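Here's a quick tour of a protein model for anyone just starting out. Take a look at the picture first, and then we'll go through it topic by topic.

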Amino acid sequence: MIQESPLLYEVVKFAAAPLAHAMCRPHITGAANVPRVGPAILAANHLSVLDSFLLPALLPRRVTFTAKNEYFDGNPVSGFFMRLGGSLPIDRESAHAAQAMLDAAAELLERGELFGIHPEGTRSPDGRLYRGKVGVAWLALKTGAPVLPVALKGTEKVLPVGAKVPRPAKIGISIGRPMRFEGDHTKARDRRRVTDEVMESVQKLSGQEYVPAYASSFKTANGTT
């Protein structure tokens, strides 16, 4: 179950939003596509460890993201921001943990809230857009919630790989129109089809070169993180 702290979240957001605006000078398009009420899945590309913090800080509604355990424990700066932003830690090596996260996210969506996910599963190692994992499709088909494709640009400049301190950099956020899907969340073919359609929409918004392989496989093959 997702543990809620609405008051703490609002206090943190009140403090974090001006900081994010000052440091990132964000240009946001498509914000009107985020529904004022009701559930939606924000499916975003992934360029920086701070992506899961910046979107909740800059959007008017509460957004709950997941983030890998390493973001909480590996870097004190990213861990600080992940906790402040209300992100949910996940062990990517555990299938049980991944399914538990999806079940918790489905409950959140069924309560009419917003859930954010990076379908690539890990940060892009080179700025390109990689093949999406099917959790986003499982959620969309399971709950019926619309998917909003989101393209982040320039966030990797705020906290580059290896950096300990964020630095000012202009970023862009483009939010696409809601996408609704039909299909069976238990069928692999439907999950793959929906995921590929979502990633195609993200790519059109971001302009990134698309790689038909998982980012995690690329990192393993090339010894990168």
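In strand 7, which residue is the bridge partner of Leu-42? That partner is Leu-148. Before we go on, bear in mind that this is a predicted model, where local features need pLDDT of at least 70, side-chain atom pairs count only at pLDDT 80 or more, and totals for chains, interfaces and linings use all residues. Residues are numbered from 1 along each chain as its sequence is written, and side-chain values use heavy atoms, with hydrogens and water left out.

- Helices (DSSP runs of H or I, at least four residues) and strands (DSSP runs of E, at least two) are numbered from the N terminus.
- Strand 2 covers residues 40-44, and five of its five residues are buried (under 20% relative accessible area; exposed is over 50% and partly exposed is in between, with a 1.4 Å probe and protein chains only).
- Both of its faces are covered, with Ala-40, Leu-42 and Ala-44 buried on one side and Ile-41 and Ala-43 buried on the other.
- Strand 2 runs parallel to strand 5, and four bridges join them; two strands pair if DSSP finds at least two bridges between them.
- One of the residues involved is Ala-43, whose bridge partner in strand 5 is Ile-117.
- Strand 2 also runs parallel to strand 7, again with four bridges joining the two.

**The nonpolar cores**

- In soluble globular proteins, nonpolar side chains tend to be buried together.
- A nonpolar core here is a set of buried Ala, Val, Leu, Ile, Met, Phe, Trp, Tyr and Cys residues joined through side-chain atoms within 4.5 Å.
- The largest one has 28 residues, and the members touching the most other members are Leu-54, Leu-55, Val-150, Ile-171, Ile-173 and Ile-175.
- Elements giving two or more residues to this core are helix 1 (6-24), strand 2 (40-44), helix 2 (51-58), strand 3 (63-68), strand 7 (147-153) and strand 8 (172-175).
- Helix 2 gives the largest share of this core, with five residues.
- Leaving aside its neighbours within four places in sequence, Ile-171 is in contact (heavy atoms within 4.5 Å) with residues including Cys-24, Pro-26, Leu-54, Leu-58 and Val-158.
- There's also a second, separate core of 25 residues, and among them are Ala-106, Val-136, Ala-140 and Val-147.

**Helix 6, tucked inside**

- Why is helix 6 (residues 135-143) largely enclosed by the rest of the structure? Seven of its nine residues are buried, so there's your reason.
- The buried ones are Gly-135, Val-136, Ala-137, Trp-138, Leu-139, Ala-140 and Leu-141.
- Their cover includes strand 2, helix 5 (95-110), strand 5 (114-117), strand 7 and helix 7 (188-206).
- Just after helix 6 comes Gly-144, which takes a positive phi of about 80 degrees.

**Asp-190 in helix 7**

- Asp-190 is found in helix 7 and is buried, with a relative accessible area of 17%.
- Its side chain reaches the backbone nitrogen of Asp-184 at 2.8 Å.
- Apart from neighbours within four places in sequence, Asp-190 is in contact with Leu-141, Gly-183 and Asp-184.

**Salt bridges**

- Side chains of opposite charge can pair when their charged atoms come close.
- The structure holds seven salt bridges, each one a side-chain nitrogen of Lys or Arg within 4 Å of a carboxyl oxygen of Asp or Glu.
- Asp-190 forms a salt bridge with Arg-193, and their closest N and O atoms are 3.6 Å apart.
- These two residues both lie in helix 7, three residues apart, which is about one turn of the helix.
- Arg-193 counts as partly exposed, at 32% relative accessibility.
- Arg-192 forms a salt bridge with Asp-196, with the closest N and O atoms 3.0 Å apart.
- That pair is separated by about one helical turn because Arg-192 and Asp-196 are four residues apart in helix 7.
- Arg-192 counts as buried at 15% relative accessibility, whereas Asp-196 is partly exposed, with a relative accessible area of 33%.
- Asp-126 and Arg-128 form a salt bridge too, their closest N and O atoms being 3.0 Å apart.
- Asp-126 is partly exposed at 37% relative accessibility, and Arg-128 is partly exposed at 23%.
- Asp-126, Arg-128 and Glu-209 are linked in a network of salt bridges.

Definitions and conventions: A polar contact is a pair of N or O atoms within 3.5 Å; within protein, one must be able to donate a hydrogen and the other to accept it, and residues adjacent in sequence count only if both atoms are side-chain atoms.
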